2 protein chains.
Amino acid sequence: MNIEQRNYVQVADIEIDPAQLEPYKAAVTRQIETAIRVEPGVLVLYAVSETDHPARIRVFEIYRDMEAYRSHLETAHFRDYKAVTENMVRSLKLVRTTPIMLGEQPR
Amino acid sequence: MNIEQRNYVQVADIEIDPAQLEPYKAAVTRQIETAIRVEPGVLVLYAVSETDHPARIRVFEIYRDMEAYRSHLETAHFRDYKAVTENMVRSLKLVRTTPIMLGEQPR
């Protein structure tokens with residue numbers, strides 16, 4: 001991906017109630033599928049779980065720009081995800097980042 | 001990206017000596033550029049720095065499979081990166097992950 005200075009890149013570190021991990025994964029999957037489909041400014045949403053601590057989730061997020069990120073927060077699918085997962089999430093840390101190198105195979 | 005069960009997905013949490021951040025960034029950029037160009041099994045290497053704590057680096061890594069990851073570790077460019085950055089890195093944690101959803105715009 002060509003790094004653009006305007007890109008908004010963020011990492012989310014999320015800890016889930018282990019008893020609710022499966023419904024959380026379903027909710028975040030649904031949210032990502034919808035965001036990618038209907039929001040062209042949402043470039044990447046990679047959600048993974050730590051293999052040795054599956055309730056620890058990392059999400060790597062690239063938005064076209066700050067405006068695309070702000071707009072994403074106002075969408076129905078994001079608000080629905082936040083409401084559905086509110087009681088599943090034990091902690092959430094959003095970390096704003098500055099890209100050094102975003103390397104990927106051409107697709 | 002279509003998630004494949006065989007994909008090897010890892011996050012690296014790296015803390016750099018702040019005095020050596022610029023040469024570290026140059027070395028990791030060079031390593032990623034080369035890996036993406038010459039290793040088709042290296043699918044994604046996204047290196048970012050925490051905006052509020054720039055010496056904290058996160059790298060999100062997707063390899064085609066475990067074999068591609070192992071092969072990457074043996075390349076000259078990766079070995080060179082490790083040697084050059086050895087005294088720049090204060091701590092390194094490699095976290096194996098299990099993908100939940102890898103969403104991205106078609107490119």
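In this predicted model, chain A can be laid on chain B by a turn of 180° and a shift of 0.0 Å along the axis, with an RMSD of 0.0 Å. The two copies are thus related as by a two-fold rotation axis. Which residue of chain A comes closest to that axis? That would be A:Arg107, with its C-alpha at 3.0 Å.

**Where the chains meet**

Let's look at the contact between the copies. On the chain A side, 40 residues are in contact with 40 residues of chain B. Of the interface residues of chain A, 100% are also interface residues in chain B, so the copies meet through the same surface.

The size of an interface is often given as the accessible area lost when the parts come together. Here chain A and chain B bury about 3,400 Å² between them, and 59% of that is on carbon and sulfur atoms. In chain A, the residues that lose the most area to chain B are A:Tyr46, A:Ile100 and A:Met101, which together make up 22% of what that side buries.

In a salt bridge, the side chains of A:Asp13 and B:Arg58 meet at 2.8 Å, N to O.

**Rings that pair up**

Now for the aromatic rings. Over all chains, the count comes to 14 aromatic pairs. Here are two of them, side by side:

| Ring pair | Distance between centres | Angle between planes | Kind |
|---|---|---|---|
| A:Tyr8 and A:Tyr63 | 6.3 Å | 55° | tilted |
| B:Phe78 and B:Tyr81 | 5.8 Å | 45° | tilted |

Why does the pair of A:Tyr8 and A:Tyr63 tie together parts that are apart in sequence? A:Tyr8 lies in strand β1 (residues 8–16) of chain A and A:Tyr63 in strand β3 (residues 53–63) of chain A, so the pair links parts that are 55 residues apart in sequence. A:Tyr8 is buried, with a relative accessible area of 8%, and A:Tyr63 is buried too, at 1%.

The pair in chain B is another story. B:Phe78 and B:Tyr81 both lie in helix α3 of chain B, three residues apart, which is about one turn of the helix. An α-helix has 3.6 residues a turn, so residues three or four places apart point the same way. B:Phe78 is buried at 14% relative accessible area, and B:Tyr81 is buried at 9%.

Ring pairs also reach from chain to chain: they link A:Tyr46, A:Phe60, B:Tyr46 and B:Phe60 into a cluster. A:Tyr46 is one we have met already, among the residues that lose the most area to chain B.

**A helix with a buried face**

Next, take helix α2 (residues 66–73) of chain B, where B:Ala68, B:Tyr69 and B:His72 are buried. Seen down the axis of α2(B), its buried residues fall within an arc of 100°, so they line one face of the helix. What covers these residues? The cover includes the strands β1 (8–16), β2 (42–50), β3 (53–63) and β4 (89–104) of chain B, along with the helices α1 (21–38) and α3 (76–85).

**One buried glutamine**

Last, a look inside chain A. A:Gln31 is found in helix α1 (residues 21–38) of chain A. Is A:Gln31 buried or exposed? A:Gln31 is buried, with a relative accessible area of 6%. Leaving aside its neighbours within four places in sequence, A:Gln31 is in contact with A:Leu45, A:His72, A:His77, A:Phe78 and A:Tyr81.

Notes
Residues numbered from 1 in each chain as written. Chains lettered and ligands numbered in written order. Predicted model: local features only at pLDDT ≥ 70, side-chain atom pairs only at ≥ 80, totals over all residues. Heavy atoms only, no water. Least-squares fit on C-alpha atoms with pLDDT ≥ 70 in both. Contact = heavy atoms within 4.5 Å. Buried < 20%, exposed > 50% of the residue type's maximum accessible area, 1.4 Å probe, protein only. Helix = DSSP H or I, 4+ residues; strand = E, 2+ residues; numbered from the N terminus. Arc of directions from axis to C-beta. Phe/Tyr/Trp six-rings, centres within 6.5 Å; stacked < 30°, edge-to-face > 60°. Buried area = accessible area lost by both parts, 1.4 Å probe. Salt bridge = Lys/Arg side-chain N within 4 Å of Asp/Glu carboxyl O.
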